[in-house]
Amino acid sequence: MPTKPVHPPVDGPIVVVGGGIVGLSCAWFLRDAGAEVIVLEAGEQTGGGASRGNAGAICPSLVEPLAAPGMVRAALDDLRRPDAALYVHPAYMPQMAGFLLRFTRSGTAAAYDRGATALVQLARGATAAYDRLADAGVGLHARRDGYLMVFGSQEAAAEERARVIGVSALGVCSPPEPLLSGVQLRAYEPLLGDAAVAGFVIPAERWIDASLLVDDLTAAVRDAGVDLRTGVTVSALHDLDDAVEIDTPGGTVEGAVAVVAAGVWTRDLVAPLGVKLTMQAGKGYSFALRPPRMPGHVLELHDAHVMATPLGDRLRIAGTMEFDGTTDRFHPERIQAIVRRLAPLLPTVDLSDRTEAWVGPRPMTPDGLPILGPLAAHPRIVLATGHNMLGVTLGPVTGEVIAGLVFGDGPGIDLSPFAPARFRR
């Protein structure tokens, strides 16, 4: 059964901790429902962390747990290789042990199916949530031209296409178009090289410039009357049973409910409350290229673990996963690893002419599911974090779900698979 509201009616402001895409989405939907909302963002501008430099993918069709059967073994075999798509720095390996153990356990067929079923609940509402935001002028620059999925083998392309067909049957996305051979694929998108052996199009999927999305959300929440405060670092959360108090350098902020959407930093904020979240900062990298021609779709380059997103006059390349215990340390060799994997796929692109190099900490959970809902012992503290690589796709619908949970008739979906308490098991 769908989870019920936290403490209806809420008497007092709802304080959202975190001003990224998820936090701003929570703030907008809460305010749209009639709540008084305060947002506390540690950065001097909104959208720090993983929000601004990512691929900007709004792709319900690609929503699935990271720990898929067969992928876990390959990832674990490669994670010490410096050029691997998933890389753990050797010195950080001991701290990753618990996470990797849970990641391995989540890679069974049964666990994957449970996770995929749970994610489909959220994904069904993803595009509708973006449509609601568009009515308020948010994200009007988003494109809806679909994704070109590119593979190094016919077998891999056919397997992924079959998965997307199954997802489309659940009402999450449009059905994929027929398989393309390598010759057909390269005729369809001349930017691709001979390493592109097979693929298919997922029509109507959307993408967006994530930085412009953050700017739009920031303006929208302010226009709606949200008290948005930047440069405010939260040091502690206190549950007073009938209210919450939030410590900041400028004093205490009081509210009826705290919604913590602080990405990977949520882990440290709730630890003093006796809550241990198995969540790690999986750093993603991106940079921009100027290809001789701009593709008409997002290119999902499966074997390279890279997404290439057309953003005006530049092609944003985003990919890789790095765990080193930091949230912002930039390692140029990770960019070089992406370039090496990209070279045979985009042979006519000057990969040395790169701009906008970026790194951001994705909040990764070992089962690939977000962390959504109230803390069991502190129901006035509600978490909205752990979106892995799905923050742009699921950010707005997460805001809608959290608004229903805290200030409405309930979230409309079963939140038990996403509960913070699942990490105690």
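Helix axes here are lines fitted to C-alpha atoms over the stretch in contact, and the angle between two of them runs from 0 to 180 degrees between N-to-C directions. Keep in mind that this is a predicted model.

**Exercise 1. Work out how helices α5 and α11 cross, and which residues make the contact.**

Step 1: Find the helices. α5 covers residues 126–135 and α11 covers residues 391–407.

Step 2: Get the geometry. They pack at an angle of about 75°, and their axes are 8 Å apart.

Step 3: Anything from 65 to 115 degrees counts as roughly perpendicular, so that's what α5 is to α11.

Step 4: List who meets whom. α5 brings Ala126, Ala129, Tyr130, Arg132 and Leu133, while α11 answers with Val392, Thr393, Pro396, Val397 and Glu400.

Step 5: Sort them by class. The contact has seven nonpolar residues, one polar and two charged.

A side note on spacing: an α-helix has 3.6 residues a turn, so residues three or four places apart point the same way.

**Exercise 2. Classify the aromatic pair of Phe99 and Phe323, and say whether each residue is buried or exposed.**

Step 1: Start with the total. The structure holds five aromatic pairs.

Step 2: Look at the rings. For Phe99 and Phe323, the centres are 5.7 Å apart and the planes make 50°. Stacked needs under 30 degrees and edge-to-face needs over 60, so this pair is tilted.

Step 3: Phe99 belongs to helix α3 (residues 93–105) and Phe323 to strand β17 (residues 314–323), so to speak a link between distant parts of the chain, 224 residues apart.

Step 4: Check burial, where the cut-off is under 20% relative accessible area. Phe99 comes in at 6% and is buried; Phe323, at 3%, is buried as well.

**Exercise 3. Describe the surroundings of Arg206.**

Step 1: Locate it. Arg206 is in strand β8 (residues 206–207).

Step 2: Check its accessibility. With a relative accessible area of 11%, Arg206 is buried.

Step 3: Name the neighbours. Leaving out residues up to four places away in sequence, Arg206 touches Ala57, Ile58, Thr127, Tyr130, Asp131, Arg143, Arg144 and Tyr147.

**Exercise 4. Find the buried residues of helix α10 and what they pack against.**

Step 1: In α10 (residues 332–342), the buried ones are Arg334, Ile335, Ala337, Ile338, Val339, Arg341 and Leu342.

Step 2: Those residues pack against strands β4, β14, β15, β16 and β17.

Key
Residues are numbered from 1 along each chain as its sequence is written. This is a predicted model: local features need pLDDT of at least 70, side-chain atom pairs count only at pLDDT 80 or more; totals for chains, interfaces and linings use all residues. Side-chain values use heavy atoms; hydrogens and water are left out. Helices (H or I, at least four residues) and strands (E, at least two) are DSSP runs, numbered from the N terminus. Angles under 35 degrees count as roughly parallel, over 145 as roughly antiparallel, 65 to 115 as roughly perpendicular and the rest as oblique. Contact means heavy atoms within 4.5 Å. Ala, Val, Leu, Ile, Met, Phe, Trp, Tyr, Cys and Pro count as nonpolar, Asp, Glu, Lys and Arg as charged, and the others, Gly among them, as polar. Rings of Phe, Tyr and Trp (its six-membered ring) pair if their centres lie within 6.5 Å; planes under 30 degrees apart count as stacked, over 60 as edge-to-face and the rest as tilted. Buried means under 20% relative accessible area, exposed over 50%, partly exposed in between (1.4 Å probe, protein chains only).
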